Amino acid sequence: MSVRVRRVYEPPEPDDGVRVLVDRLWPRGLAKDAAHIDEWPKGLTPSTELRRWYHADEGAFEEFRERYEAELTAPEAAELLERVRELADRGTVTLLTASRQPELSHAEVLARLLAE
């Protein structure tokens with residue numbers, strides 16, 4: 001299983017495998033045809049409330065991770081997570097995010113969960 005995290009603004013690479021956008025909102029200034037997105041499971045993204053809380057600098061990454069992992073136990077999110085896990089079992093999956101710090105984003109949390 002190979003799961004990578006990249007910024008969606010970076011050009012696609014041949015070894016990206018299945019490209020999965022894991023942001024709820026479409027990235028600003030990015031043309032849909034230039035993004036080369038294979039999957040966009042919006043229900044797998046953090047809730048609006050959690051996203052706003054984290055981006056308002058109210059919380060630490062570890063607390064965000066815990067809250068987000070709790071959200072991922074909801075039926076829709078759990079089903080979508082399993083779908084991405086199945087894709088990763090078949091080949092490389094690249095999780096794409098517009099976050100300026102992907103290593104401190106929900107994409108990193110997803111990558112860790114998928115690697116388990």
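Phe61, Glu62, Phe64, Arg65, Tyr68 and Glu69 of helix H3 meet His106, Val109, Leu110, Arg112 and Leu113 of helix H5. Contact here means heavy atoms within 4.5 Å. Helices (H or I, at least four residues) and strands (E, at least two) are DSSP runs, numbered from the N terminus. The model is predicted: local features need pLDDT of at least 70, side-chain atom pairs count only at pLDDT 80 or more, and totals for chains, interfaces and linings use all residues. Residues are numbered from 1 along each chain as its sequence is written, and side-chain values use heavy atoms, with hydrogens and water left out.

The residues of the H3 contact with H5 divide into 6 nonpolar, 1 polar and 4 charged. In this scheme Ala, Val, Leu, Ile, Met, Phe, Trp, Tyr, Cys and Pro count as nonpolar, Asp, Glu, Lys and Arg as charged, and the others, Gly among them, as polar.

H3 and H5 pack at an angle of about 60°, and their axes lie 10 Å apart. H3 is therefore oblique to H5. Axes are lines fitted to C-alpha atoms, for helices over the stretch in contact, and angles run from 0 to 180 degrees between N-to-C directions. Angles under 35 degrees count as roughly parallel, over 145 as roughly antiparallel, 65 to 115 as roughly perpendicular and the rest as oblique.

The axes of H2 and H3 come within 11 Å and cross at roughly 175°. H2 is therefore roughly antiparallel to H3. Leu50, Trp53 and Tyr54 of H2 make this contact with Phe61, Glu63, Phe64, Arg67, Tyr68 and Glu71 of H3. By class, the residues of the H2 contact with H3 are 6 nonpolar, no polar and 3 charged.

The largest nonpolar core has 23 residues, of which Tyr68, Leu95 and Leu110 touch the most other members. Such a core is a set of buried Ala, Val, Leu, Ile, Met, Phe, Trp, Tyr and Cys residues joined through side-chain atoms within 4.5 Å. Buried means under 20% relative accessible area, exposed over 50%, and partly exposed in between (1.4 Å probe, protein chains only). H2 (48–55), H3 (61–71), H4 (75–90), strand E3 (92–97) and H5 (106–115) each supply at least two residues of this core. H5 gives the most, with 6 residues. Another core, of 5 residues, lies apart from it and includes Val8, Leu21, Leu30 and Leu96.

His36 lies in the loop between H1 (32–35) and H2. Its phi is near 55°, a positive value in a residue other than glycine. His36 counts as partly exposed because its relative accessibility is 46%.
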